[in-house]
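Please look over the sequence and the structure, and then read the notes below, which are grouped by topic.

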Amino acid sequence: MLNTTDSQEKKMARAVALKAIEQTAGDLAASGGSPLDIQTFVAGAKRELAREAGDRQKMGLAAKAAYDYNQLK
């Protein structure tokens with residue numbers, strides 16, 4: 001079974017990164033960026049954050065769901 005507990009430091013780092021994404025999106029909006037540009041930036045930044053510092057609990061749940069689905073076939 002996967003270890004589903006992340007350390008407090010990882011959780012804090014993720015929270016700081018999400019706040020930085022929020023602030024950068026706000027800066028883009030304030031400087032006249034289009035809603036599509038802002039949405040694209042936020043989606044890409046969150047995807048990159050998930051790739052770099054994935055949430056083990058969510059990855060474990062996704063793997064279990066995929067396994068359970070494949071068992072239904």
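Arg-51 and Glu-48 both belong to helix H2 (residues 35–52), where they stand 3 residues apart, about one turn of the helix. Helices here are DSSP runs of H or I with at least four residues, strands are runs of E with at least two, and both are numbered from the N terminus. The model is a predicted one, in which local features need pLDDT of at least 70 and side-chain atom pairs count only at pLDDT 80 or more, while totals for chains, interfaces and linings use all residues. Residues are numbered from 1 along each chain as its sequence is written, and side-chain values use heavy atoms, with hydrogens and water left out.

**Overall architecture**

- The protein chain contains 3 helices and 0 strands, and its pattern along the sequence reads α-α-α.
- The radius of gyration of the protein chain is 16 Å, well over the 11 Å that the globule rule gives for 73 residues, so the chain is more spread out than a compact globule.
- That radius is taken over C-alpha atoms, and the globule rule is 2.2 Å times the number of residues to the power 0.38.
- Along the principal axes, the C-alpha atoms of the protein chain fill a box of roughly 50 × 35 × 10 Å.

**Surface and charge**

- Of the 73 residues in the protein chain, 10% count as buried; buried means under 20% relative accessible area, exposed means over 50%, and partly exposed lies in between (1.4 Å probe, protein chains only).
- The protein chain has an accessible surface of about 6,000 Å², and 59% of this belongs to carbon and sulfur atoms.
- These areas come from the Shrake-Rupley method with a 1.4 Å probe, and for residues only the protein chains shown count as cover.
- There are 11 positive and 9 negative side chains in the protein chain, and the centres of the two sets lie 7 Å apart.
- In this count Lys and Arg are positive and Asp and Glu negative, whereas His and the chain ends are not counted; each charge is placed at NZ of Lys, CZ of Arg, CG of Asp or CD of Glu.

**Salt bridges**

- The count comes to 3 salt bridges, each defined as a side-chain nitrogen of Lys or Arg within 4 Å of a carboxyl oxygen of Asp or Glu.
- In helix H2, the side chains of Arg-51 and Glu-48 meet in a salt bridge at 2.4 Å, N to O.
- Arg-51 counts as exposed at 61% relative accessibility, whereas Glu-48 counts as partly exposed at 32%.
- Glu-22 forms a salt bridge with Lys-19, with the closest N and O atoms 3.4 Å apart.
- Glu-22 and Lys-19 are separated by about one helical turn because they are 3 residues apart in helix H1 (residues 8–30).
- Glu-22 is partly exposed, with a relative accessible area of 48%, and Lys-19 is partly exposed, with a value of 43%.
- Lys-64 and Asp-68 join their side chains in a salt bridge at 2.8 Å, N to O.
- Lys-64 and Asp-68 are 4 residues apart in helix H3 (residues 56–72), and therefore about one helical turn separates them.
- Lys-64 is partly exposed at 47% relative accessibility, and Asp-68 is partly exposed with a relative accessible area of 35%.
- An α-helix has 3.6 residues a turn, so residues three or four places apart point the same way.

**Helix H1 and what follows**

- The 23 residues of H1 should span 33 Å at 1.5 Å a residue, and this agrees with its end C-alpha atoms, which are 33 Å apart.
- The expected span is 1.5 Å times one less than the number of residues in the helix.
- Gln-23 is placed in helix H1 and is partly exposed at 48% relative accessibility.
- Gly-32, which follows H1, has a positive phi near 95°.

**Distances across the chain**

- Lys-73 lies in the segment after H3 and counts as exposed at 72% relative accessibility.
- The C-alpha atoms of Lys-73 and Gly-32 are separated by 50 Å, and the two residues are 41 apart along the chain.
- Lys-58 belongs to helix H3 and is exposed, with a relative accessible area of 55%.
- Between the C-alpha atoms of Lys-58 and Gly-26, which are 32 residues apart along the chain, the separation is 27 Å.
- Leu-61 is in helix H3 and is exposed, with a relative accessible area of 55%.
- Leu-61 and Arg-47 lie 18 Å apart in space, C-alpha to C-alpha, and 14 residues apart in sequence.
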